[in-house]
Amino acid sequence: MKTIILKIISNTTFSLLLSVVIGMLIGMFANETVISVILPIKHVLGQIIFFLIPLLIFGFITPSITKLKRNASKLLSVSLILAYASCIGSATLAAVVGYKLIPLFDIVPATESLKEIPEMIFRLDIPPLMSVLSALVLSFMLGLSIIWTKSDKIESALYEFQNLVFIMVKRFLLPILPLFIATNFSVLAYEGALASRLPVFFAILIVTVLCHITWMTILYSSAGIYSRKNPWHVLKYYGPVALTALGTQSSAASLGVAIEQTKKSPVLRNDIRNFAIPLFGNIHFVGSILDVVFLSLAVSQLLYGTMPGLDKMLVFIPLLGIFAIAAPGLPGGTLITSLGLIHAVLGIDEAGTALMISIFALLDSFGTTHNITSDGALTLILSSYADRHEESLNIEEQE
């Protein structure tokens, strides 16, 4: 029993939900003095997170670009097209549903009735080394340049830097995330905004989960039609994978389970499965991108009283699909790499992105489950494509 309790307490989703509850309780009963102490803590934690974002983008995206040359085959191109098309479709579904349903939530920016926030008694600004957009552009330009010049030493150094970034995420970002969420919700509760916004948060959760189910159904149905095979012979093996994704909020952490489980599927080619499952696990963040689009619309309506125009969304979604393919398979990785676009294209400021991070952390378990489970559908399509075009990979089966 003690072991079970410890596992529950250490569960990422549990810790995040606990952070929300604790933050709300503190905010509901806190006085001005307590909030004046919480505010600088919230600010410093946010500064650390935003400082790490450009490093995460550079550390993950640049090495992922340099690795493309090692898998330069027709199947890789088809895989990238499938992942991109799936992400665009998922994002479009989220946008359509958002534009239709979010106005029905009756979200009104509650500014007049909110309690005034006291001034911050201490402020520590930690400016990032570069802007998010600069990190994105540098990542793409440097990655392509390394491929063209065959700079093996720099490429190896980038892989070492990526390992350092992984440590930064595990030792700095993930430990402070629950505290950052707790401080965010304590301020919201102190303002008196949660009474009106909490139903909105639950509505967002329900709608996004239904969108996840809808798009996953579309993917597996399409895979079944294209392959002329029963997609259930793939999907039924994803139960343990889904549970792992729910608990860890990490596609990377769920990947090993997915590889083992999909070996049981009789409708997937072994060579294609060993190639596609790890690949899609690192480039196909279809559920997370759905959450990002829907949250962008909801948070804009919540904070500014209006949603971004359709013209902005038509620019945002195709670009977001590109960045999502190179996003890290870590909790919140897709949102983190998308923050530059969210600010530049949609005009959502730091307060909005902070709120998005807080809500996204609660949705990320479902988005990650969608990410990793949907990989089976694309693998079935790719396996059938390889059969039809007699493509084969010289990859030894990993037992």
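This is a predicted model: local features need pLDDT of at least 70, side-chain atom pairs count only at pLDDT 80 or more; totals for chains, interfaces and linings use all residues.
Good morning, colleagues. The protein has 15 helices and 0 strands. Of its 399 residues, 54% are buried. Considering the contacts with a separation of 6 or more, 87% come from residues 24 or more positions apart.

I turn now to helix packing. Two packed helices are described by the angle between their axes and the distance between those axes.

Helix α4 covers residues 74–101, and its axis comes within 8 Å of that of α12, with a crossing angle of roughly 30°. An angle under 35 degrees counts as roughly parallel, and α4 is therefore roughly parallel to α12. The crossing of these two helices is right-handed. Which residues of α4 and α12 meet? From α4 the residues are Ser-86, Cys-87, Ser-90, Ala-91, Ala-94, Ala-95, Val-97, Gly-98 and Tyr-99, and from α12 they are Val-286, Ile-289, Leu-290, Val-293, Phe-294 and Leu-297. By class, this contact has 12 nonpolar residues, 3 polar residues and no charged residues.

The second pair is α12, residues 286–304, with α13, residues 310–325. Their axes come within 11 Å and cross at roughly 150°. Because an angle over 145 degrees counts as roughly antiparallel, α12 is roughly antiparallel to α13. Here, too, α12 passes α13 in a right-handed crossing. On the α12 side, Ile-289, Val-292, Val-293, Ser-296 and Leu-297 take part; on the α13 side, the partners are Met-313, Phe-316, Leu-320, Gly-321 and Ala-324. The residues of this contact divide into 8 nonpolar, 2 polar and no charged.

One point links the two interfaces. Ile-289, Val-293 and Leu-297 of α12 are among the residues that meet α4, and they are also among those that meet α13.

Is Ser-79 buried or exposed? Its relative accessibility is 0%, so Ser-79 counts as buried. Leaving aside residues up to four places away in sequence, Ser-79 touches Phe-275, Leu-279, Phe-280, Ile-283 and Leu-382.

The next topic is charge pairing. How many salt bridges does the structure hold? There are 4. In one of them, Asp-387 and Lys-229 meet through their side chains at 3.9 Å, N to O. Asp-387 belongs to helix α15, residues 350–389, whereas Lys-229 sits in the loop between α7 and α8, so the pair ties together parts that are 158 residues apart in sequence. Asp-387, at 38% relative accessibility, counts as partly exposed, and so does Lys-229 at 29%. These two residues are also linked with Arg-269 in a network of salt bridges.

Another salt bridge joins Arg-123 to Asp-125, with the closest N and O atoms 3.3 Å apart. Arg-123 counts as exposed, at 54% relative accessibility, while Asp-125 counts as partly exposed, at 44%. A further salt bridge is formed by the side chains of Glu-260 and Lys-263, at 3.5 Å, N to O. Glu-260 counts as partly exposed, with a relative accessibility of 44%.

Most residues other than glycine have a negative phi. Lys-150, which is not a glycine, has a positive phi of about 55°. Where is Lys-150 placed? Its place is in the loop between α5, residues 132–149, and α6, residues 152–191. Lys-150 counts as exposed, at 65% relative accessibility. Arg-228 likewise is not a glycine, and it has a positive phi of about 60°. Arg-228 lies in the loop between α7 and α8, and it is exposed, with a relative accessible area of 69%.

At 69% relative accessibility, Phe-29 counts as exposed. Its C-alpha atom is separated by 8.9 Å from that of Ala-189, a residue 160 positions away along the chain.

That concludes the presentation. Thank you for your attention.

Notes. Residues are numbered from 1 along each chain as its sequence is written. Side-chain values use heavy atoms; hydrogens and water are left out. Axes are lines fitted to C-alpha atoms, for helices over the stretch in contact, and angles run from 0 to 180 degrees between N-to-C directions. Helices (H or I, at least four residues) and strands (E, at least two) are DSSP runs, numbered from the N terminus. Angles under 35 degrees count as roughly parallel, over 145 as roughly antiparallel, 65 to 115 as roughly perpendicular and the rest as oblique. A crossing is left-handed if the near helix is turned anticlockwise from the far one by less than a right angle, and right-handed if clockwise. Contact means heavy atoms within 4.5 Å. Ala, Val, Leu, Ile, Met, Phe, Trp, Tyr, Cys and Pro count as nonpolar, Asp, Glu, Lys and Arg as charged, and the others, Gly among them, as polar. Buried means under 20% relative accessible area, exposed over 50%, partly exposed in between (1.4 Å probe, protein chains only).
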